[in-house]
Amino acid sequence: MSHEEHHHDIEMEHKINLVNATDVVVQPPPKERERGQRKPYHHKSFKTPKEVMTAIIISGTNKMNLPLAKLVVLGILSGVYIAFGGIASITASAGSPTLRGSDPGIPRLINAAIFPIALILIIIASGELFTGNVSQCVVAYLHQKRMKDPAASAAKLAINLFVVYFTNFAGAAGAAYFFGYLTELFSADPYLTNVQSLAVSKTSFGFGVMFLRAIAANQLVNLAIVMCIASEDIVSKIVAAWFPIMTFALSSFEHCVANMFIVCLSLMYGSKATFGEFIAYNLVPVTLGNIVGGLGFVGLAYYYVYVWDVPNVPTKSN
């Protein structure tokens, strides 16, 4: 092969390579994943935090739009479900005074392990619970206002929280009377003495102590709700509800709706405490602390992290 032919072949090979190079599709760099967004390889067995917050906003909006009659029924039922959990946990934990004296952690653990049935019933069977709504509905309302949604209504928010709070009270106290008192479940020792002492212990601490215990309680309750919403199947929802509620009950934190049942039951069985002491020394600080714990430490905190700087998060389902 002559020198000219060899040079010609090299030029042709170079041109072919250039043509082939133009056929190569250059892939753009992968888009950076937003905070809370699902990773591409994640199986859809749970919602991401961003998806959870979107679901909470939609849920809160739907709750505020419930007809009043349905809101009343679901609020009463939630109070009853709280009472069911309370009756079962007292029955299991208060039957051994010797054990309570020698190793009080064991009865408390038994109590805490059973009480989560209350929230499980509310989540799965459906209900309206004040300590959950105070986070979900307020976050939904504030998001509606930020999005300039004409459907935003402070009146609907106020009505929801007011009705649910007092129907929870009615359901919890009513169940205490009909299912805990008239049934004489705790009319004899060792249960009677234990139940009578509950109202006294619930009203023996200062405002600050009850307020702080209530913050922690409803932070855990709302974390349980968040994880239940994140779960895509019923077994996962049960597990997600169980352990945060068990933690709050085991730690002797304070929940206003649970106390509506516990203290009313104790007063019915002749506790030395009074209803006025319950309102002043327990229910007021615990309700305020529950609002701070659920709304501030869960609802608003996660709204800021996952929704605040994200445009076009819907306020209702399509």
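Visitor: Hi! How many salt bridges does the structure hold?
Guide: Three, in this predicted model.

Visitor: Let's go through them. What does Glu232 pair with?
Guide: Glu232 pairs with Lys47, and their closest N and O atoms are 3.7 Å apart. Glu232 sits in the loop between α10 and α11, while Lys47 sits in the loop between α1 (3-22) and α2, so the bridge ties together parts that are 185 residues apart in sequence.

Visitor: Are those two buried or partly exposed?
Guide: Glu232 is partly exposed at 36% relative accessibility. Lys47 is partly exposed too, at 21%. Buried means under 20%, so Lys47 does not count as buried at its 21%.

Visitor: Okay, and which residue does Lys63 meet?
Guide: Lys63 meets Glu128, with 3.2 Å from N to O. Lys63 belongs to helix α2 and Glu128 to the loop between α6 and α7 (130-146), so this pair joins parts that are 65 residues apart in sequence.

Visitor: Where do they stand, buried or exposed?
Guide: Lys63 counts as buried at 12% relative accessibility. Glu128 is buried as well, at 4%.

Visitor: What about Lys202, which partner does it have?
Guide: Its partner is Glu254, and the closest N and O atoms are 3.2 Å apart. Lys202 is in helix α9 (residues 191-202) and Glu254 is in the loop between α11 and α12 (256-268), which puts them 52 residues apart. Both residues are buried.

Visitor: Let's zoom out. How many helices and strands are there?
Guide: The chain has 13 helices and zero strands. Of its 318 residues, 43% count as buried.

Visitor: Now the inside. How many residues are in the largest nonpolar core?
Guide: That core has 76 residues, and Ile82, Ile90, Phe261 and Leu265 have the most contacts inside it. Helix α10 gives the largest share, eleven residues. As background, nonpolar side chains tend to be buried together in soluble globular proteins.

Visitor: What does Leu265 touch?
Guide: Setting aside residues up to four places away in sequence, Leu265 touches Ile90, Ala176, Gly180, Tyr181, Phe186 and Val195.

Visitor: Tyr181, hmm. Which residues form the nonpolar patch on the surface?
Guide: Tyr181 is one of them, along with Phe84, Tyr177, Phe178, Phe179 and Leu182. Together they have about 560 Å² of accessible area. Helix α8 (residues 154-181) contributes the largest share, four residues.

Visitor: How about Tyr177, where is it and is it buried or partly exposed?
Guide: Tyr177 is in helix α8, and it is partly exposed, with a relative accessible area of 36%.

Visitor: Last one, Thr54. What is it in contact with?
Guide: Beyond its neighbours within four places in sequence, Thr54 is in contact with Val313 and Pro314. Thr54 is found in helix α2 (residues 49-64).

Visitor: Why does Thr54 count as buried?
Guide: Because its relative accessibility is 17%, and buried means under 20%.

Notes
Residues numbered from 1 in each chain as written. Predicted model: local features only at pLDDT ≥ 70, side-chain atom pairs only at ≥ 80, totals over all residues. Heavy atoms only, no water. Patch = residues over 30% accessible without salt bridge, like charges linked within 9 Å, V, L, I, M, F, W, Y side chains within 5 Å. Areas by Shrake-Rupley, 256 points an atom, 1.4 Å probe, with all protein chains shown as cover. Salt bridge = Lys/Arg side-chain N within 4 Å of Asp/Glu carboxyl O. Helix = DSSP H or I, 4+ residues; strand = E, 2+ residues; numbered from the N terminus. Buried < 20%, exposed > 50% of the residue type's maximum accessible area, 1.4 Å probe, protein only. Contact = heavy atoms within 4.5 Å. Core = buried A, V, L, I, M, F, W, Y, C linked by side-chain atoms within 4.5 Å.
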